Amino acid sequence: MDFLGVVKGLWIYHVDVLFTIPAYILWDFSVLPVTVMFLLQFQPQVHPFWKALFLAGGSAFVGEPFFNWIGFFEPLKWSPLFSFPIYATAYYLSIRDRFEPLR
């Protein structure tokens, strides 16, 4: 998703981790998956819907504005409201196999 957003000019990253690795790799392959894994382990009795809302709200309305504030990236044609359903869907897709019976 981040690659498409950068290519389409929806946002830009001002920081390069390494000259060959885009900045969004840190978020896509470490912060987001670790947060999802933490939510899966923490309070397992809580319905996944509420956890998806928590992840989406925290990522879209706290995480993105924070990274914008510190100058990590700049949303050009993007709003956190667009990110909210994407993060919620990503959480739901990550847990869908967990609650289905084994075949």
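What follows is a short chat about a predicted model of a protein.

Q: What does the protein contain in the way of helices and strands?
A: The predicted model has four helices and two strands. Along the sequence they run α-β-α-α-β-α.

Q: How confident is the predictor, going by mean pLDDT?
A: The mean pLDDT of the protein is 79. Of its residues, 76% reach 70 or more.

Q: And which elements have the lowest and the highest mean pLDDT?
A: Helix 1, residues 2-7, has the lowest, at 70. Helix 3 has the highest, at 90.

Q: What should one do where pLDDT is low?
A: The predicted coordinates should not be read in detail there.

Q: Back to helix 3, then. What span should it have, and what do its end C-alpha atoms give?
A: Helix 3 covers residues 48-69, which is 22 residues, so at 1.5 Å a residue it should span 32 Å. The end C-alpha atoms are 30 Å apart, which agrees.

Q: Where does helix 3 bend?
A: At serine 59, by about 30°. Ser59 is also one of the buried residues of the helix.

Q: Which other residues of helix 3 are buried?
A: Pro48, Lys51, Ala52, Leu55, Ala56, Gly57, Ala60, Gly63 and Glu64.

Q: What comes after helix 3?
A: Glycine 71 follows the helix, with a positive phi near 85°.

Q: Which residues make up the largest nonpolar core?
A: That core has 12 residues. Leu32, Val36, Leu39 and Leu40 belong to it, as do Ala52, Leu55, Ala56 and Ala60. Tyr87, Ala88, Tyr91 and Ile95 complete the set.

Q: Which elements give two or more residues to this core?
A: Helix 2 (24-41), helix 3 and helix 4 (80-95).

Q: How much of the whole protein is buried?
A: Buried residues are 26% of the 103 residues. The accessible surface comes to about 7,300 Å², and 72% of that belongs to carbon and sulfur atoms.

Q: What about contacts between residues at least 6 apart in sequence?
A: Of those contacts, 60% join residues at least 24 apart.

Q: Changing topic: which loop holds glutamine 43?
A: The loop between helix 2 and helix 3. Glutamine 43 has a positive phi of about 50°, although it is not a glycine.

Q: How exposed is glutamine 43?
A: Glutamine 43 is partly exposed, with a relative accessible area of 34%.

Terms used. Residues numbered from 1 in each chain as written. Predicted model: local features only at pLDDT ≥ 70, side-chain atom pairs only at ≥ 80, totals over all residues. Heavy atoms only, no water. Buried < 20%, exposed > 50% of the residue type's maximum accessible area, 1.4 Å probe, protein only. Contact = heavy atoms within 4.5 Å. Areas by Shrake-Rupley, 256 points an atom, 1.4 Å probe, with all protein chains shown as cover. Expected span 1.5 Å × (residues − 1). Bend = angle between axes of the 7 residues up to and from the residue. Core = buried A, V, L, I, M, F, W, Y, C linked by side-chain atoms within 4.5 Å. pLDDT = per-residue confidence, 0-100.
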